[in-house]
Amino acid sequence: MQERTTDLLVVGSGVAGCAAALAGARAGADVTLATKASRPEDSTSYWAQGGVAVSRGDPEAFKQDIIEASDGIADPEAVDVLVSEADEAVRDVFVDTLDVDFDENGDGPDYCQEAAHSEARILHVDASTGKHVLAPFLNHLQGHERVEVLEDTAALELLTHEGRVHGAMLERDGDWAPCYAGATVLATGGIGACYQRSTNPPTATGDGIAMSALAGADVEDMEYVQFHPTAFAGGDEDAGQGTFLLSEAIRGEGALLRNANDERFMPDYHEDAELAPRDVVARAVKAERERTGEVTLDVSPLDFEGEFPDLHAECENRGVDPTDGIPVAPAEHFLCGGIDVDTKGRSSLDRLFAVGECARTGVHGANRLASTSLLEALVFGLRVGEAAAGFDAERVEAPELLDSDPDLPESFAAEKFVRLRRVLDEFVGIERTPEDLSRAAGVLRRLKGEIDAYTRTRTSRSLYELRSACVSALLVTRAAAENGTSRGCHHIAEEGTTVDAD
């Protein structure tokens, strides 16, 4: 790893990071794209199934659906940006630049409908849209004359001086060096690795959020952690990261949720039944699993194999016959909060930008509308890349990262992660109580103290990822403890009660 200087440093190679890099390069910046990923599937964007929602010429209807799904607290200005720029951004990048082959029917694009959408407006490629978008995006950037892609490269700390960010310390293969940048864009994804069951890859350790918070940036809405209601619930995946997702589009095409008594239960929970907002469906699935022992997704009302061949193959690979019903359970899916940014991705620290799941744009409020994550990443990524271009890099004193003590056992970080995930699953999950949040905060504070003691004299990617996950988990817990009102995906059992989680 060598010291380097760049006009624009982008950390993260999902759709958000790729869009920021593309826009920065288009604006004339020399871009360094640093990513922990060594293959596309290491990125959360690759795992996105449903598709990309667009306005289809009616941005106002799209806006209302987003605000309603957000439990009424989405930022109207941010939503206006998203819906007004959606169609052109998708056409420009996904269609004209990357030539993504979205599914079509005899009349044109095969738009599908998902929960809480008032109409069919979602472009998709089967139920594997993410990989069909991200792979060509990365290929395009790797061939771009203004973009240098650094794979298997992690950002450990931000380079800061007097409230301004000047780049980051980058690590690869156990070696590290500063990367000085005119502006820095964090597109590091979410916090899925903090939970035992998540639809995210294990690389989603909250790095960007933690680095920003430790550097003094404002972080907001961390209590709003969205759980997807229909993640596969069979086999060994209950004990690991990255459980595969049964896309919401399946319910949009007519699939039904049934409990262990073969009863369809969603009409008892919400007038929109299976197409209710995600937070409602997730809590209902959890309740019915606890009450009856199991919940399955009944795909008999549709041609599951014909319409969703990739998901049908996933089931077959796990020995599940979809005609018997597919076992499902909620899993951590998306963080609606994060680094607080404006509509151009600017954080409270000078020349630090954030985009994608690590950013809190205000679009999602208390609950994200289905199939808006790839769109948010694209639209705001383009805005961020353009806004972050044009700054000159300045050298500042880089932090001295020590590695004077013996290496920790290889199992150290893994064992601490098990402890962290157990705490969040038990105390900071779909439903929370003030008592549980207080317990979680106590355990996490002690865990962070242990980790900090080691990072003072040791430098390793696994240790810094563990620190990031612990900081992110504490931020979620504290925000949840301070908010005594249930909204969207933050559901607290004893409303109006807050606790001191500091």
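Q: Where does aspartate 71 lie?
A: Aspartate 71 sits in the loop between α2 (59–69) and α3 (76–97). Keep in mind that this is a predicted model.

Q: Is aspartate 71 buried, exposed or partly exposed?
A: Aspartate 71 is partly exposed, because its relative accessible area is 33%.

Q: What about phi of aspartate 71?
A: That phi is near 65°, a positive value in a residue other than glycine. Most residues other than glycine have a negative phi.

Q: Which loop holds alanine 273?
A: Alanine 273 is in the loop between β13 (256–259) and α7 (278–292). Its phi is positive too, near 50°.

Q: Is alanine 273 buried or exposed?
A: Alanine 273 is at 8% relative accessibility, so it counts as buried.

Q: New topic. Which residues form the negative surface patch?
A: Glu253, Asp303, Glu305, Glu307, Glu316, Asp321 and Asp324 form that patch.

Q: Take glutamate 305. Which helix is it in?
A: Glutamate 305 is in helix α8, residues 304–307.

Q: And why does glutamate 305 count as exposed?
A: Glutamate 305 has 51% relative accessibility. Exposed means over 50%, so glutamate 305 qualifies.

Q: Now glutamate 248. Where is its place?
A: Glutamate 248 is in helix α6, residues 248–252.

Q: Buried or exposed, that glutamate 248?
A: Glutamate 248 counts as buried, because its relative accessibility is 1%.

Q: What does glutamate 248 touch?
A: Leaving out residues up to four places away in sequence, glutamate 248 touches Glu114, Ala115, His228, Arg278 and Ala370.

Key: Residues are numbered from 1 along each chain as its sequence is written. This is a predicted model: local features need pLDDT of at least 70, side-chain atom pairs count only at pLDDT 80 or more; totals for chains, interfaces and linings use all residues. Side-chain values use heavy atoms; hydrogens and water are left out. Patches are made of residues with over 30% relative accessible area and no salt bridge: like charges are joined within 9 Å, nonpolar side chains (Val, Leu, Ile, Met, Phe, Trp, Tyr) within 5 Å. Accessible areas come from the Shrake-Rupley method with a 1.4 Å probe; for residues, only the protein chains shown count as cover. A salt bridge is a side-chain nitrogen of Lys or Arg within 4 Å of a carboxyl oxygen of Asp or Glu. Lys and Arg count as positive and Asp and Glu as negative; His and the chain ends are not counted. The place of a charge is taken as NZ of Lys, CZ of Arg, CG of Asp or CD of Glu. Helices (H or I, at least four residues) and strands (E, at least two) are DSSP runs, numbered from the N terminus. Buried means under 20% relative accessible area, exposed over 50%, partly exposed in between (1.4 Å probe, protein chains only). Contact means heavy atoms within 4.5 Å.
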